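The structure is shown first.

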Amino acid sequence: MSWLLRRLFGRLPIGWLQLTHNRTRFAAALAGVAFANVLVFVQLGIMNSMGAATLRPYEFFQADLMISAGDANALNEGGNVARQWLLQAMADPDVTDGMGLFVGNVPWDRATKDITFTTFGVDPAQAAFLSPEIAGDAALLQVQDAALLDRLARGLSRDEAAAIRPQSPLAFETQGRTLTAFATFAGGGGFGGDGYMLVSDQTFLALFPARSSNAPDHILLRLRPGANPAQVSTRLKTLVSDPSLRIRSYADAAQEDLRYQQTRRPTGVIFGFGVLIGVLVGLVIVYQVLSTDVADHLREYATFKAMGYGPQFFLGIVLEEALVLGIMGFIPGLIVGTAILTLMAAITTLPLTMTPFMAVSVFLGTILFSALSGTIATRRLAAADPADLF
Amino acid sequence: MSDAPIIATTRLNHWFGSGDARKQALFDIDLTLQRGSFTVLMGPSGSGKTTVLTLVGCLRAVQDGSALLLGQELNGATEAMLIALRRKLGFIFQAHNLHESLTAAQNVIMGLQVHPGVPEAAAEQAAVHALGLVGLADRTGYLPANLSGGQKQRVAVARALVANPALVLADEPTAALDKDSAADVVDLLKRMGQARGTTTLLVTHDPRILDRADRILTLEDGRIVKVEERG
C-alpha cells in the first residue's frame with residue numbers, strides 16, 4: 001500500500017504512515033467506516049427489497065392498461081372499480097381484451113405459523129393476462145375452490161411446496177372454506193403479506209362474500225398490437241364519465257406504486273432516512289478520525305509549513321488518509337453487509353440481495369464522503385502557525 | 001551575488017496586538033548577515049530575538065521597515081512569495097519537531113521533497129548522506145521514538161541542511177541537549193557554513209556556543225544594544 005500511494009501521490013505517503021503508526025486507532029477507524037457502510041448497505045438492501053417486493057406481483061400479470069379507483073395507490077389499496085367501465089373500455093377500437101382483477105388478503109391458520117396470502121382473483125379463461133409461468137396452470141383454477149400457491153411464501157416449507165402438484169394437491173382451510181392448491185408459482189414474501197395466492201374470480205367471491213363481481217379492484221386491458229397505450233388512455237379518460245378513476249399504462253401503475261411505497265408510505269420514508277443516517281454516521285466518523293489526526297499532528301504540520309509546504313500538500317495528506325479509510329473500510333463493510341443481507345433474506349424471504357449497483361454506488365459514495373470529511377478536517381490546519389514553533 | 005548580504009534589515013519595527021493592547025516588540029532593527037557567517041543572537045526573554053527570527057524567516061509579515069532576504073523585499077511580500085522563500089531556508093527549532101510516524105531518513109527527505117522535481121532515489125541518497133554527516137548513518141530507518149534526544153536533534157539538523165539552504169535559522173537548538181551533543185550540533189552547523197557557505201543565525205542563551213560565533217548580537221527590549229565581532 002505504501003508503495004502504491006507513493007507512486008500515486010509522487011511523495012512520501014505521509015497520510016498512510018500517520019494512520020498506520022497507531023494501529024489500534026487505525027483499526028478502530030476502519031471499523032467505524034465499515035460500520036457506516038454496513039448501515040447503508042442494510043438500509044439500501046431493505047429499500048431495494050421493498051421495491052422488488054412491490055413490483056413482484058405486477059409480474060404475475062400481463063396488461064397494457066390498468067383502470068383503478070382514484071385512491072388506489074397500490075395493488076391492494078383503495079376502492080373498487082365498477083365493471084361497467086370494463087365494458088365501456090372494450091368499446092375502444094384498440095382495446096382487445098379486459099379482465100377484472102380482485103385483490104384481498106387471506107389468512108391461513110397453521111399450527112406452526114399463520115400465513116397471510118395476498119390473493120388475486122382472476123378469470124381463468126383469460127390466461128393471456130397471466131405471466132407465462134402462471135398461465136400454464138390457469139386452467140386448474142376453473143375448478144371451484146382451486147388455488148395456485150406461492151412456493152416461496154414465508155411459513156410454507158420448501159418441501160411442502162415442492163410436493164404440491166395436480167396429482168398430489170394440498171388442501172387447506174381458510175375463510176371458512178377448504179381450498180385446494182394444485183400447483184405453485186414463484187412469488188416471495190413481501191412487506192404486506194407472507195406470499196401470494198391465485199384463485200378464480202368465482203372462488204375469490206366465495207372467499208369474500210361481501211365483495212361483488214361487479215366491482216373488481218382493478219381492470220386490466222390488453223390492446224391491439226401496435227396501439228399506443230398513452231393515446232388509448234387519453235381516449236378512455238374522455239369515454240369514462242368518472243373523473244376520479246386512474247387510467248394508466250400497466251408499467252406506469254407499477255412505477256407509481258413503487259414511488260408511493262418509497263416516498264409516502266412510512267416504511268419507505270424510514271428506510272430512506274436510514275440510508276441518510278448511515279451516510280451521516282460515516283461522514284462524522286471519518287471527519288472525527290481525520291480532524292483528531294490533524295489536531296494530533298499540528299506541530300509537525302506547522303514545521304512542514306515553516307519548511308515551505310503549501311496548502312495543497314496538507315490537503316493531499318488528509319485526502320490520502322480519507323482515501324485509505326474509505327477504501328479499506330469499505331471492504332469489510334461490503335463483506336459484513338452482504339452476510340447480513342443474506343441472513344435477513346433467509347429469515348424473511350424478502351428479496352434482500354447485494355447488487356453490483358449497490359456495491360459500486362456505496363463505494364463511490366464512501367470515497368466521496370470521505371474526501372468531503374477530509375476537506376472539512378483541513379480547516380483545523382489553519383491552527384498550525386509555524387511562527388508558534390519558535 | 002556572493003557579496004550581497006543574505007539578510008539586510010533597515011529600521012525594522014514590529015508590533016503585537018491591536019488597539020490599547022498594541023505593544024512594540026522591535027525598534028529600528030538594522031541587521032546585515034553576510035554569506036557563510038555564523039551569528040548568535042542573545043538577550044533576555046522577551047527581548048525580541050524570536051520575533052527577529054520569525055520575520056527574517058518569512059513566518060510573520062513585516063509590518064514596518066525593510067527586510068531584504070536573498071535580495072527580495074519581505075515588506076509587502078505575498079503569501080506565495082513567503083512560502084517560496086521559506087523553501088530556501090533551513091529551520092532548527094528548540095524541539096526537534098520530527099514527524100513521529102516517519103523514519104529518520106524520511107524526516108530528512110521531507111526537507112528535500114518540498115523542492116519539486118527532486119528524484120526519489122536522489123532524495124533518499126541525499127538523506128542518508130546528511131544523516132551520515134550528523135553521525136547517524138546507522139539510524140536511518142529508526143523512528144524518532146527509538147532515538148535519543150540528541151539523536152533527534154541531529155536528525156532535525158540534517159533535515160534543515162539536506163537541501164543546502166542559503167540561511168539556517170536556529171532557535172535554542174542545544175537547549176535540550178547535554179554538553180557533548182550540544183557541541184556536536186553547533187560544530188556541525190559551523191562546519192557546514194564553512195564548507196557550503198551556509199549562513200547561520202542562531203538564538204541561544206547557551207554560553208557554550210558563544211566562542212564558536214563570528215558575531216554576537218545582544219538584544220534588549222526590542223533593540224540591538226551590543227554587537228561583538230569575533231571573526
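## Strands β3 and β7 of chain A

In this predicted model, A:G121 has A:V199 in β7(A) as its bridge partner. The pairing of strand β3 (residues 115-122) of chain A with strand β7 (residues 195-200) of chain A is parallel and consists of six bridges.

## The sheet of chain A

Both strands belong to an open sheet of nine strands in chain A, in the order β5-β6-β4-β7-β3-β2-β8-β1-β9. The pairing in this sheet is mixed. From one strand to the next, the twist averages 30°.

Helix α8 (residues 229-239) of chain A lies across β1 (65-68), β2 (95-108), β8 (218-223) and β9 of chain A, and runs at about 170° to β9(A). Helix α9 (residues 250-263) of chain A also packs on the sheet, where it touches β1 and β9 of chain A. The direction of α9(A) makes about 105° with that of β9(A).

## Helices α10 and α13 of chain A

Helix α10 (residues 266-296) and helix α13 (residues 356-377) of chain A have axes that come within 8 Å and cross at roughly 40°. Because of this angle, α10(A) is oblique to α13(A). The crossing is right-handed.

On the α10(A) side, the residues in contact include A:V279, A:G282, A:L283 and A:Y287. Their counterparts in α13(A) include A:G365, A:F369, A:L372 and A:I376. By class, this contact has 10 nonpolar, seven polar and no charged residues.

## The sheet of chain B

Chain B has an open sheet of four strands, ordered β2-β1-β4-β5, with antiparallel pairing. β2 (23-33) and β5 (72-73) of chain B each have a single partner strand, so one side of each is left without a neighbour in the sheet.

Strand β1 (residues 7-16) of chain B is joined to β2(B) by seven bridges, and the two run antiparallel. Within this pair, B:H14 stands opposite B:L26 in β2(B). Helix α1 (residues 49-56) of chain B packs on the sheet and touches β1, β2 and β4 (64-69) of chain B. The direction of α1(B) makes about 120° with that of β1(B).

## Contact between the chains

Chain A gives 18 residues to the contact and chain B gives 22 residues. On the chain A side, the elements that give two or more residues are α2 (14-21) and α11 (298-307). α11(A) gives the most, with six residues. The chain A side divides into 10 nonpolar, five polar and three charged residues.

Conventions
Residues numbered from 1 in each chain as written. Chains lettered and ligands numbered in written order. Predicted model: local features only at pLDDT ≥ 70, side-chain atom pairs only at ≥ 80, totals over all residues. Axes fitted to C-alpha atoms, helices over the stretch in contact; angles between N-to-C directions. Parallel < 35°, antiparallel > 145°, perpendicular 65-115°, else oblique. Left-handed = near helix turned anticlockwise from the far one by under 90°. Contact = placed C-beta atoms within 7 Å. Nonpolar A, V, L, I, M, F, W, Y, C, P; charged D, E, K, R; others polar. Pairing = 2+ DSSP bridges.
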